[in-house]
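User: I'd like to go through this model and check what stands behind the labels. Can you take me through it?

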Amino acid sequence: MIEENLAELFETPQEKFTIPSLEFPSDIALDSKNDIYIVDSHNHRILKLDLNGHFKLCFGRQGMEQGNFLYPQSIAIDQFDNIFISDLNNNRIQVFSPVGE
């Protein structure tokens with residue numbers, strides 16, 4: 001994403017940049033607290049919003065390392081609010097906590 005490249009280039013924390021629009025959202029899920037998770041496939045990230053649509057968390061970026069994605073496709077959340085993301089082009093499923101770790 002352009003914002004990430006600019007943040008790295010100018011050593012500015014990424015959270016100072018406005019989160020860009022969704023680019024090919026491919027799945028959505030709710031956790032036990034009714035937080036909304038959106039798989040933003042072409043931005044290689046997961047967004048977490050409250051029921052009013054207010055931003056709470058964003059995690060992931062393009063890449064092959066743990067925690068990064070190459071076109072994530074779907075999401076599932078278990079009864080403990082663990083988040084399961086199918087990471088299409090990395091041929092794996094990644095598991096995250098409700099805070100994206």
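**Labels and their cut-offs**

Analyst: Among contacts in the chain (heavy atoms within 4.5 Å), 32% of those between residues at least 6 apart in sequence join residues at least 24 apart. Bear in mind that this is a predicted model, where local features need pLDDT of at least 70, side-chain atom pairs count only at pLDDT 80 or more, and totals for chains, interfaces and linings use all residues. Residues are numbered from 1 along each chain as its sequence is written, and side-chain values use heavy atoms, with hydrogens and water left out.

User: Which residues does Asp 40 touch?

Analyst: Leaving out residues up to four places away in sequence, Asp 40 touches Ser 21, Leu 22, Glu 23, Phe 24, Pro 25, Arg 45 and Pro 72. With Glu 23, a polar atom of the Asp 40 side chain lies 2.7 Å from the backbone nitrogen.

User: How do you know that E5 and E6 pair?

Analyst: Two strands pair if DSSP finds at least two bridges between them. E5 and strand E6 (residues 83-87) have five bridges, in the antiparallel sense. Ala 76 stands opposite Phe 84 in E6, and Ser 74 has Ser 86 as its bridge partner there. E5 and E6 form a hairpin with five residues between them, and Asp 81 in the turn has a positive phi of about 70°.

User: What is the strand order of the open sheet, and what makes a strand an edge strand?

Analyst: The order is E5-E6-E7, with antiparallel pairing. Strand E5 (72-77) and strand E7 (92-96) are the edge strands: each pairs on one side only. The twist averages 25° from one strand to the next, with axes as lines fitted to C-alpha atoms and angles running from 0 to 180 degrees between N-to-C directions.

Note on methods. Polar contact = N/O pair within 3.5 Å; in protein donor to acceptor, adjacent residues only side chain to side chain. Helix = DSSP H or I, 4+ residues; strand = E, 2+ residues; numbered from the N terminus.
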